Amino acid sequence: MTSQPSTPAEASFPVPLSVLDLVPVGTGVTPGEAIRNSFDLARRTEALGFTRYWLAEHHGMPGIASSATALLIGQIAAATSTIRVGSGGVMLPNHSSLVVAEQFGTLGALFPGRIDLGLGRAPGTDQATARALRRIAGRFLTEDEFPEQLAELTTFLAGGEFPEGHRLRGVTAVPRAEMPPIWLLGSSGYSAQVAGALGLPFAFAHHFSSQNTLPALELYRSSFRPSAGRERPYAMVAAAVLCAETDEHADWLAGPIRLTMARLRTGRPAAYPSPEEVATHPWTEQERAVARAATASHVIGSPETVRSGLRDLLDATGADELMVTTNVHAHADRVRSYELLTGLAKDLVPPAAPAPTWA
């Protein structure tokens, strides 16, 4: 790997904080309004001192408007000036490596020094939609093929030449700019091990795969091999956080994500309902069980409750950076949660080992 280190401005918090945005669409809110809300949140979190603002690729979900990830990254980067903007992530098997290289080469040319490329292996959707995203019917990458596609992408991004006899020999990705820092994203051990073997930074999806967090981070660190500019592992943990003035109000605001997850996990995706809609929803026992399981790792409450929850998460994971996703119905409540998080972030203690400057 030849991507250059990303060196953000001096961190505003003891543990760097970043944003993962799914561009949530609530009932009564148009996708255009949801996207403009994300522009506003990006500007606000940049002013608050957050390090990165990443967009997640999801497809076929009425409550999420981040399917055209590269397009949104460009718009968010244009709406801000200093915060790093990137993908959390691009689901690589959904795309041609050449197309991803062209998109991120363009982004790098437009916003030099500010673009991150986070890559995932899952489709980010259901199997039928995944098939529709790919031109070859029924064709899915195997685990053995993902590193091959990743190698193709990095060759394109670096402006390298494919070896004699390679099917891509003579193909070049343009425009070319500086190679964006590549992160591997994961919710299990596979991407953790690949990231470690390649000496890449790793971001783990604790917000929906908390049972795998500690094993995956251990596997990443134990398999890490230093690479150019990367002497030690760097792990970012993505957590679902909702902070409000009181525990009771935070719990009220969290109702929509619970119902949304229950619907999603039972094959009924929909827009984020309002807390008032949730209060009158006729919950089934299955929905309650699914919602409890899907949101068990979420950190929800007053500033004191969230401070305690995030301290526990840092102690358990030794994360070098926290990426926070907050999905609520009202934009003002989402903004307020990040503002309150900023106020308590100074009390979050970093891991014992200092974070590397390349992260």
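Me: How do α8 and α10 lie to each other?

Reply: First, the basis: this is a predicted model, where local features need pLDDT of at least 70, side-chain atom pairs count only at pLDDT 80 or more, and totals for chains, interfaces and linings use all residues. Residues are numbered from 1 along each chain as its sequence is written, and side-chain values use heavy atoms, with hydrogens and water left out. Helices (H or I, at least four residues) and strands (E, at least two) are DSSP runs numbered from the N terminus. Axes are lines fitted to C-alpha atoms, for helices over the stretch in contact, with angles from 0 to 180 degrees between N-to-C directions. Under 35 degrees counts as roughly parallel, over 145 as roughly antiparallel, 65 to 115 as roughly perpendicular, and the rest as oblique. Here the axes of α8 (residues 247-265) and α10 (residues 285-294) cross at roughly 105 degrees and come within 8 Å. The two helices are therefore roughly perpendicular to each other.

Me: Which residues of α8 and α10 make the contact?

Reply: Contact means heavy atoms within 4.5 Å. From α8 come Arg-258, Met-261, Ala-262 and Arg-265, and from α10 Glu-287, Val-290, Ala-291 and Ala-294. For classes, Ala, Val, Leu, Ile, Met, Phe, Trp, Tyr, Cys and Pro are nonpolar, Asp, Glu, Lys and Arg charged, and the others, Gly among them, polar. This contact has five nonpolar, no polar and three charged residues.

Me: At what angle do the axes of α1 and α2 cross?

Reply: Helix α1 (residues 31-48) and helix α2 (residues 69-79) have axes that cross at roughly 45 degrees and come within 9 Å. That angle makes α1 oblique to α2. Handedness is a separate reading: a crossing is left-handed if the near helix is turned anticlockwise from the far one by less than a right angle, and right-handed if clockwise. The crossing of α1 and α2 is right-handed. Ile-35, Ser-38, Phe-39, Ala-42 and Arg-43 of α1 meet Leu-72, Gln-75, Ile-76 and Ala-79 of α2. The classes are six nonpolar, two polar and one charged.

Me: How do α6 and α7 lie to each other?

Reply: The axes of α6 (residues 189-198) and α7 (residues 213-223) come within 7 Å and cross at roughly 20 degrees. The pair is therefore roughly parallel, and the crossing is right-handed. Gly-189, Ala-192, Gln-193, Ala-195, Gly-196 and Ala-197 of α6 are in contact with Ala-216, Leu-219, Tyr-220 and Ser-223 of α7. Six of these residues are nonpolar and four polar, with no charged ones.

Me: Where is Pro-175 placed, and which peptide bond joins Gly-88 and Gly-89?

Reply: Read omega for the bond. Pro-175 is in the loop between α5 and β5 (182-186), and the bond to Pro-175 from Val-174 is cis, with omega near 0 degrees. Gly-88 and Gly-89 are also joined by a cis bond, omega about 0 degrees, and Gly-89 belongs to strand β3 (residues 84-91). Val-23 sits in the loop between β1 (17-21) and α1.

Me: Which residues line the largest cavity?

Reply: On a 1 Å grid over the protein atoms alone, a cavity is a set of points where a 1.4 Å probe fits but cannot get out, and lining residues have an atom within 4 Å of a point. Points are joined across faces, edges and corners, and volume is the space filled by probe spheres set on them. The count is two cavities of 30 Å³ or more, and the largest holds about 40 Å³. Its lining includes Ala-101, Gly-105, Phe-156, Leu-157 and Pro-175. Helices α3 (97-110) and α5 (146-158) each give two or more residues to this lining. By class the lining has eight nonpolar, one polar and two charged residues.

Technical notes:
On a 1 Å grid over the protein atoms alone, a cavity is a set of points where a 1.4 Å probe fits but cannot get out, and a pocket is an open set with protein on both sides within 12 Å along at least five of seven lines; lining residues have an atom within 4 Å of a point.
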